[in-house]
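Please open the structure in the viewer and keep the selection panel at hand. The tour below moves from one selection to the next and states what is found at each stop.

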Amino acid sequence: MLVLLAWHTTSSFSRLDKVGVRHPPPLPFIGNLLYFREGFWESHNKLISNYGPSCGYYIGHRMYIVISEPDMIKCILEDEFRNFRNRMSPDLVFKPFADSIVMLRDEKWEKVRSILTPAFSIAKIKEMTPLIDEACTILLNNLKVYAESGTAFDIQRNYGCFMLDIVASVAFGTHINSQKTPNDIFVKYTRRFFEPLIFKPLLILAVAFPFIMIPLLRILPNKKRDEVNGFFISLIKNMITLRNQQDPNERHRDFLQLMLDTRILTTDIVMEQSDRVNQDDFPEALPKKQQVWLSDDEIAGQASLFLIAGYETSNSTLSFGTYLLATNPQCQEKLLQEVDDFYSKHDIPDYENIQELPYLDMVIAETLRMYPPAFRFTREAAKDCSVLQQQVPAGAIIEIAAGHLHYNPKFWPEPEKFIPERFTAEAMQQQHPFAYLPFGAGPRGCIGMKLALMTIKIALLRILQRFMFKTCPETQIPLQVKSHSTLGPQDGVVIKIVSR
């Protein structure tokens with residue numbers, strides 16, 4: 001038994017060596033889990049600095065190959081997509097999130113992606129503008145209180161309330177009226193995914209002994225999990241029932257309704273050229289004239305993804321952008337001038353006229369370079385292959401280190417400085433297209449990118465019309481970050497806001 005135990009502990013830790021991938025020495029059972037106990041942001045930098053741009057590690061017995069070279073990333077995300085079309089499948093994931101497009105694999109993913117793509121077309125996103133504008137009005141009323149009092153405050157909390165309002169109205173077809181206090185059930189749900197669960201004792205055991213602990217954790221009762229998941233599944237299914245009973249002209253135009261609208265012949269769906277799905281990426285495409293739609297469970301899965309992905313990542317982007325503008329007043333002043341010019345021509349922002357704000361685009365792009373919320377993402381190799389002479393065995397998890405790539409001085413000189421002019425049209429023509437990946441790339445890139453950017457742009461535009469950001473003694477400089485799942489401010493963003 002001892003010999004078998006010793007063999008089991010060490011045998012799988014030779015796979016990276018066999019394909020020539022350097023890595024830290026793994027510990028028995030848990031591999032390199034403790035290497036990342038403080039998060040992945042700084043640990044990625046240390047790992048790549050010590051072991052090279054193509055290195056690796058183990059979490060339990062699962063093998064990861066970390067890459068941060070644009071040419072290799074292009075091969076995986078685009079050229080060899082058929083072999084890397086699936087994301088890593090977590091061992092512990094439950095409904096409704098298990099049915100989201102992020103978790104689905106192979107043919108199920110192809111089906112849902114092809115149905116959802118028209119729902120994220122430019123024409124459909126334009127219909128979301130009034131919902132975003134309404135949430136912005138609530139946000140501005142909250143910020144006005146702090147501007148009048150002159151007190152320092154954590155603006156990330158306000159952005160959190162704002163994004164909950166957006167998610168509730170855009171994704172769930174309802175209003176939570178969060179005002180200044182986030183709705184508890186929504187916050188509980190997002191925290192289940194973004195707190196450092198991996199270092200809790202039960203999950204450390206799951207990493208060390210997955211063949212025993214994973215089945216056990218799946219069947220063990222979890223009142224909190226079941227309560228929160230049940231809430232969302234019940235909410236979505238009740239909303240679906242209500243929509244089916246309503247007159248089509250009375251239905252709320254939101255993401256939920258767009259998913260319900262997909263219950264039509266696929267040939268009746270009209271997509272703009274920029275939103276078309278590349279049929280080469282879907283060799284088993286749905287036959288023409290076939291009637292397909294999302295099941296209620298699949299709709300609930302996409303709505304839950306909207307909350308998890310939309311709330312945390314957009315909240316963090318707005319918070320980081322505010323911090324960078326407050327600490328770079330010359331950039332903020334330039335942006336304020338562009339905002340004033342915009343409002344001299346337009347009364348309210350919409351999808352078309354916000355395209356007239358090149359400097360705002362550059363500010364957001366530079367924010368996402370310096371602080372990409374999705375700073376790491378994965379693909380799984382379906383079969384043995386070679387990527388630019390690097391052998392990749394079947395089942396290996398490829399981890400794209402986008403955060404480290406965004407600070408590579410080869411592509412981004414003086415990467416620690418906030419320089420929005422990196423993203424002028426002329427500069428980007430000279431840049432490697434896979435050196436900047438805040439939303440991923442390829443057929444499995446972020447489907448909600450356009451909606452997320454529109455939300456962030458409209459929010460900043462409306463805020464900067466009335467206020468400007470200022471640092472104060474309580475502002476944390478440099479800003480500390482947390483990075484177990486996504487990248488976000490560790491202790492919020494404390495600033496002052498001044499009326500213009």
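Begin by selecting helix α5 (residues 106–116), whose buried residues are Trp109, Glu110, Val112, Arg113, Ile115 and Leu116. Buried means under 20% relative accessible area, exposed over 50% and partly exposed in between, with a 1.4 Å probe and protein chains only. Helices (H or I, at least four residues) and strands (E, at least two) are DSSP runs, numbered from the N terminus. The cover over the buried residues of α5 includes α13 (255–261) and α14.

The model is predicted: local features need pLDDT of at least 70, side-chain atom pairs count only at pLDDT 80 or more, and totals for chains, interfaces and linings use all residues. Residues are numbered from 1 along each chain as its sequence is written, and side-chain values use heavy atoms, with hydrogens and water left out.

**The whole chain**

Now display the entire chain, which contains 19 helices and 11 strands. Of its 500 residues, 55% are buried.

**Two packed helices**

Two packed helices are described by the angle between their axes and the distance between the axes. Select helix α8 (residues 155–170) together with helix α14 (residues 296–327): they pack at an angle of about 145°, with their axes 9 Å apart. Axes are lines fitted to C-alpha atoms, for helices over the stretch in contact, and angles run from 0 to 180 degrees between N-to-C directions. On α8 the contact (heavy atoms within 4.5 Å) involves residues including Tyr159, Phe162 and Val167, and on α14 residues including Phe306, Tyr311 and Leu318. The residues of this contact divide into 11 nonpolar, seven polar and no charged. Here Ala, Val, Leu, Ile, Met, Phe, Trp, Tyr, Cys and Pro count as nonpolar, Asp, Glu, Lys and Arg as charged, and the others, Gly among them, as polar.

Next, select Gln156, which lies in helix α8. Is Gln156 buried or exposed? Gln156 is buried, with a relative accessible area of 14%. Leaving aside neighbours within four places in sequence, Gln156 is in contact with Asn315, Ser319, Pro489, Gly492 and Val493. Select Ile495 as well: Gln156 and Ile495 are 339 residues apart in sequence, yet 9.9 Å apart in space, C-alpha to C-alpha.

**Aromatic rings**

Rings of Phe, Tyr and Trp (its six-membered ring) pair if their centres lie within 6.5 Å; planes under 30 degrees apart count as stacked, over 60 as edge-to-face and the rest as tilted. By this rule the count comes to 14 aromatic pairs. Select Trp41 and Tyr407: their ring centres are 5.9 Å apart and their planes stand at 85°, so the pair is edge-to-face. Trp41 belongs to helix α3 (residues 41–51) and Tyr407 to the loop between α17 (402–405) and α18 (425–429), so the pair ties together parts that are 366 residues apart in sequence. Trp41 counts as buried at 10% relative accessibility, and Tyr407 is buried at 16%.

Move on to Trp412 and Tyr436, an edge-to-face pair with 6.2 Å from centre to centre and 65° between the planes. Both Trp412 and Tyr436 are buried.

**Charges over rings**

A charge sits over a ring if NZ of Lys or CZ of Arg is within 6 Å of the ring centre and within 35 degrees of the ring normal. Then select Arg376, whose charged end sits over the ring of Phe40, 3.7 Å from its centre. Phe40 forms one aromatic cluster with Tyr35, Phe36, Tyr57 and Tyr64.
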